[in-house]
Amino acid sequence: MQLEIKTEGVEFVISRAPQPKNDNDGRQKTDRETGELLHVTELVAMDDTGAEVIKVTTAGQPRVTKRQAVTVVKLVATPWTIGGRGGVAFRADAIVPVPTTP
């Protein structure tokens with residue numbers, strides 16, 4: 001099950017530059033639908049209640065840098081369980097820089 005997350009009121013900042021998402025053999029994974037290479041970007045998500053560090057997968061490499069404020073487009077959470085372990089995988093359509101105002 002995928003759950004779309006509302007991101008209004010949440011500020012996102014890049015905490016680690018995008019990295020290739022590799023399988024266990026070190027090969028970079030690709031999107032099943034488009035064939036684009038997958039990347040993982042570490043973000044700090046902040047709102048009035050505090051902050052969380054999350055890793056978000058995107059198809060294609062976001063053009064962002066460390067400490068840059070960004071917008072996350074269509075953020076989806078997918079809960080998972082494998083072999084008694086579990087977590088939440090985050091995926092987004094895009095991660096784009098917040099426009100700067102002069």
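Tutor: Two strands pair if DSSP finds at least two bridges between them. Strands (E, at least two residues) are DSSP runs, numbered from the N terminus. This is a predicted model: local features need pLDDT of at least 70, side-chain atom pairs count only at pLDDT 80 or more, and totals for chains, interfaces and linings use all residues. Residues are numbered from 1 along each chain as its sequence is written, and side-chain values use heavy atoms, with hydrogens and water left out.

Student: Over how many bridges do β3 and β4 pair?

Tutor: β3 and β4 form a hairpin with two residues between them. Asp-47 has Gly-50 of β4 as its bridge partner. The pairing is antiparallel, and the bridge count is 10.

Student: In what order do the strands of the open sheet lie?

Tutor: The sheet has eight strands with mixed pairing. β1 (3–4) and β8 (94–97) are the edge strands, each pairing on one side only. The order is β1-β6-β7-β4-β3-β2-β5-β8.

Student: Do β4 and β7 pair in the parallel or the antiparallel sense?

Tutor: Strands of a sheet pair through backbone hydrogen bonds, in either sense. Here, Thr-57 stands opposite Arg-91 in β7. β4 and β7 share two bridges, and their sense is parallel.

Student: Is Thr-57 buried or exposed?

Tutor: Thr-57 lies in strand β4 (residues 50–59). Its contacts (heavy atoms within 4.5 Å) include Lys-21, Leu-38 and Phe-90, not counting residues up to four places away in sequence. Buried means under 20% relative accessible area, exposed over 50%, partly exposed in between (1.4 Å probe, protein chains only). Thr-57 has 7%, so Thr-57 is buried.

Student: Why does Phe-90 count as buried?

Tutor: Phe-90 is found in strand β7 (residues 85–91). Among the residues that Phe-90 touches, leaving out those up to four places away in sequence, are Ile-5, Ile-54, Val-56 and Leu-75. Phe-90 counts as buried because its relative accessibility is 19%.

Student: How far apart in space are Phe-90 and Leu-75, C-alpha to C-alpha?

Tutor: In sequence, Phe-90 and Leu-75 are 15 residues apart. They also touch. In space, C-alpha to C-alpha, the separation is 6.9 Å.

Student: What volume does the largest pocket have?

Tutor: A pocket is found on a 1 Å grid over the protein atoms alone, as an open set of points where a 1.4 Å probe fits, with protein on both sides within 12 Å along at least five of seven lines; lining residues have an atom within 4 Å of a point. Grid points are joined across faces, edges and corners, and a volume is the space filled by probe spheres set on the points. For the largest pocket, that gives about 1,100 Å³.

Student: Which element gives the largest share of the lining of the largest pocket?

Tutor: Of the 31 lining residues, the closest to the centre are Lys-21, Leu-38, Thr-57, Phe-90 and Arg-91. β2, β3, β4, β6 (76–82) and β7 each give two or more residues. The largest share, five residues, comes from β7.

Student: What volume does the second largest pocket have?

Tutor: β3 and β4 each supply at least two residues of its lining. The largest share, four residues, comes from β4. The volume of the second largest pocket is about 230 Å³.
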